[in-house]
Amino acid sequence: MTFWKLGSRRAAAVRLAAAGSVLLLAPGCSALNPGSDEAAAMAGRFHQLLASGDSAAACELLAPGTIEELESGDPGSCAGKLSGLGLATASKVLEGRAYGREAQVKLDGDTVFLTRSGDRWVVTAAGCASRGERPYDCEVKGH
Amino acid sequence: MKHNPLVTNGLSIAFGLLFLASLIGQAFSGLAYFNEQQVSANLEEISFLQYVTSSTFAVDVTENWQSEYLQFLLFIVLTVWLVQRGSPESKEIERRGAESDEDQLIGRHAKPESPAWARAGGLKTALYSNSLGLVMGTVFVLSWLAQSVTGFSAYAADQLTNLQDPGTWGEYLGSAEFWNRTLQNWQSEFLAVLSMVILSVYLRQRGSPESKPVGAPHGETSVEG
């Protein structure tokens, strides 16, 4: 955001800029990170656990903020409240997309949002229905 | 007289160091800001390496780079034909245009110490005659492309955080976010050039080659102190 005029050192500046641009393109490309398969697997596992009735294990796949939100309000554990919601079953992953540290996985009966926490994906929202341009309406979500 | 290379390359070295210090400072402050948001969302903090290879960092860098190189490109190319009376950034009014081969020391007018491609003629000389603009233009296009790719990735991540669909790169190119990031940088670059071109007509910086000599008349063009 600053100006500079072309002085006699222009050739060196050009070489430096060209080299830097190549360096910058590399992380730019890796930023479209290929974590969508892992995210899709995690979303599938989440629904698998719910379908098998193991809500406690499913809760372990939720992001901390999502658990906090789920447990707020009426007394009750994450597992109890999660099973009480009766989320629609979903068994087949249709599409997974990951950008930066966030991901969205579309399944046959649900859309799940995830975020990267440490070295794994955790679910930030599930039981989500599209509302067009507006944010998805989710039965489980963080704050 | 032989000078110390640190003296004869002082300008490049100083700006190289300023660039690196600023980039490192941007990386650390950006990481701190990113991790503040992670903590407030109850998520694990990320490492320095993870941050500097993220789209968030890359888009912040590339959006500034592209605008700087666009500024250079336009300044280099437009000053071939456009002039500003009284400005040391402009050439003399009568010299508008690409100028003669003799003025430019091209072909048979080249001096013994002229670059080989200035003497070669044909495509080589044509390319070399425009090499500065071509390289600046190429870096601009690559930086802007990098901004669009990394910007889309960062935008898509924000969309997902807000529980919205991420969209596509094509949609992002037509989005308000992309053009806002782009134009907010362009306007500042163009204002800076305008300021330098006009202010240098009337104001002086003693000893600076970017300024006219302190005593030079306001109307004198293409004179550097």
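Reply: Chain B splits into domain 1 (1–53) and domain 2 (55–99 + 129–225), with bounds taken from an automatic or database domain assignment. This is a predicted model: local features need pLDDT of at least 70, side-chain atom pairs count only at pLDDT 80 or more, and totals for chains, interfaces and linings use all residues. Residues are numbered from 1 along each chain as its sequence is written, chains are lettered from A and ligands numbered from 1 in the order written, and side-chain values use heavy atoms, with hydrogens and water left out.

The C-alpha centres of the two domains of chain B lie 22 Å apart. Eight residues of domain 1 contact six residues of domain 2 (contact: heavy atoms within 4.5 Å). About 570 Å² is buried between them, with 68% from carbon and sulfur atoms. Buried area here is the accessible area (1.4 Å probe) that two parts lose on being put together, summed over both. Leu23(B), Gln26(B) and Tyr51(B) supply 58% of the area that domain 1 buries against domain 2, more than any other three residues.

Salt bridges between the domains number zero (side-chain nitrogen of Lys or Arg within 4 Å of a carboxyl oxygen of Asp or Glu).

On the side of domain 1 that touches domain 2, the elements giving two or more residues are α2 (10–40) and α3 (48–52) of chain B. Helices here are DSSP runs (H or I, at least four residues), numbered from the N terminus. α2(B) gives the most, with five residues.
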